[in-house]
Every structure is written in structure tokens, then in C-alpha cells.
Amino acid sequence: MPYADNEGTKLYWVERGAGPPLLLIMGLGSTSDLWYRLLPMLSAHYRTILFDNRGVGRSDAPNGPYSIKTMASDAAVVMDAAGVGSAYVLGFSMGGFIAQELALDYPGRVRALILAGTACGGKEAVRAAPEILVALEGRGVKTPEEGFWMMAPYIYDPSTLPTRIEEDLAVSLHTSLQRKSYVAQLQGIASWAGSHSRLSKLDVPVLIIHGESDQLIPPENGRILANVIANAEVVMIPRAGHRFMTDQPEAASKAILSFLNNAVAHTRREVSA
């Protein structure tokens, strides 16, 4: 198994496909396995690099908290291990926080940025309802299956087929989640000061993609990001909640691939200019 090393913390990573490099960064308490719906489409066109954030899956779980900046440095180390100087980057949920810090802290390493179901953090962000935040914190003391079903009403659209949700559960149960690691990631989210005041510095193509019925990170957060990122593209997916790639996989795939293809063309024009 390939591992990157960030000052003694081993990070599991893998790649699929060939083409321009694309780095995927997953969200809270989830492993890279949960990219399974998008991975076949993305890896058919891109060298797709995915990894387990510290604390989950096959990566090490050092003592926390895990700051967002530290996890952004993990992403950069994975890129180094893959021999990639710069890449297109897709970050989902907490992975979107990490992707923002990666783009801001490592200028030149991000060719284009996809912020999926995420927010800018800090006081500018729109929070989930209190009962959702209670469930999110309580998930860490439940069994993995109990925690999944505790959050399911808040992360999927009501129209989504139960079989799709059960498929996500099956993938989630491939690896166990330690309570201390889940709490360490939550602490990193809670302590993140946010990116709002710095996002105007981004000078790469940006796609903001969000489910219209997202209860965990309400869609207003996507509009807040768009208001401060110059020329950002915005896609709001109907009948889709937080895990919009499960709720509406075809619409999600189409929007992401279209943006990436345009971003690659943009990069090539800049190189040839």
C-alpha cells in the first residue's frame, strides 16, 4: 500500500486512471472509499488521487485535535508522494475546508478548485439547526451503523432511494472509526477560524456545487462562497442534500466533469500563451 509521511503521520493514498492530476479530499469521519460513486467517471479522464484523512481508514490516528491547516499539509504531502506539483482539487464537506486551506496556503499547487457541499467557516458561515449539530457530535459515541442512521435524515434528500443510502452504509462499514479520531476532526472544524476574509485571493477557476436541500451545510453557504470568490461558477442541484453525489449522481457527475474539462482547457491556454 502506498503511504505518504507528514512528520511521522502515515497517510494512505491510492490513484486510479490517467490524465491530468485530480486530488480528492473527503469529509468528516469518512474514508476515501466514499468517492466510489464519482471515481469511475473521474478516473476515466483524470489521474485521480485519493487518500484517507488522518484519523480514518488506513491512515494513522495520532492524538488530536487535527487542525484544518494540518490536514491541508497532509494533502500537500500526498501530492508530493504522488510526484504531483500541482493538481485540480475537489474537496467535499470538511474536505472543502481542507481544499480551501490547501489553495490559500500553497499557492501554485491548485490548478482549479471544486468546493462541494462546504462552507467558508468562521462567523460568516450559516450553521445547521441545533438538533443536527447535536446528532453530529453524538455520532462519535454510537456504533458506526447507529451513527450513520442518526445522521441519514440530515444528509440525504427525502426523495433518495433507500437502496442508495444502504449502499453508502455498506461502504462506510468497510473500515471502523475510532471515537478519538472523530472527535479530533470535529475539534479541528470547531477551531477553524475560516477563510472568508482570504478567499478573494484565489486566482484559479472555482466551482461551488451544493445540494439544494442540504441540512448539514445549508446551501446559503455556497452562495456566501460565491459572493467572495471572483468568477466562481455555482451549481445548485435540485432534490439533493448534503451527499448530493448519492442523491443525484448523474447531475453531480455532469457538473463536475464539465467544469474540470473547461478548467483543463483554461490551463492549457495559459501554458501556451
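How many helices and strands does the secondary structure of the protein come to? The answer is 10 helices and 8 strands, where helices (H or I, at least four residues) and strands (E, at least two) are DSSP runs numbered from the N terminus.

This is a predicted model, in which local features need pLDDT of at least 70 and side-chain atom pairs count only at pLDDT 80 or more, while totals for chains, interfaces and linings use all residues. Residues are numbered from 1 along each chain as its sequence is written, and side-chain values use heavy atoms, with hydrogens and water left out.

**View 1. The whole protein.** Of the 273 residues, 58% are buried, that is, under 20% relative accessible area with a 1.4 Å probe and protein chains only.

**View 2. Arg47 and its surroundings.** Arg47 lies in strand E4, which covers residues 47-51. Its side chain makes a polar contact with the side chain of Glu15 at 2.8 Å; such a contact is a pair of N or O atoms within 3.5 Å, of which, within protein, one must be able to donate a hydrogen and the other to accept it, and residues adjacent in sequence count only if both atoms are side-chain atoms. Although Arg47 and Glu15 are 32 residues apart along the chain, their C-alpha atoms are separated by 6.7 Å. When neighbours within four places in sequence are left aside, the residues in contact with Arg47 (heavy atoms within 4.5 Å) include Arg16, Pro20, Leu22, Ala82 and Val84.

**View 3. Ile229 in a loop.** Ile229 is found between helix H8 (220-228) and strand E8 (233-237), and it counts as buried at 3% relative accessibility. Leaving aside neighbours within four places in sequence, Ile229 is in contact with Leu115, Leu199, Leu202 and Val206. Arg111, 118 residues from Ile229 in sequence, is 15 Å away in space, C-alpha to C-alpha.

**View 4. Helix H4 and its cover.** In helix H4, which covers residues 130-138, the buried residues are Ile132, Ala135, Leu136 and Gly138. Helix H5 (144-155) and helix H7 (179-191) are among the elements that cover these buried residues.

Conventions:
Buried < 20%, exposed > 50% of the residue type's maximum accessible area, 1.4 Å probe, protein only.
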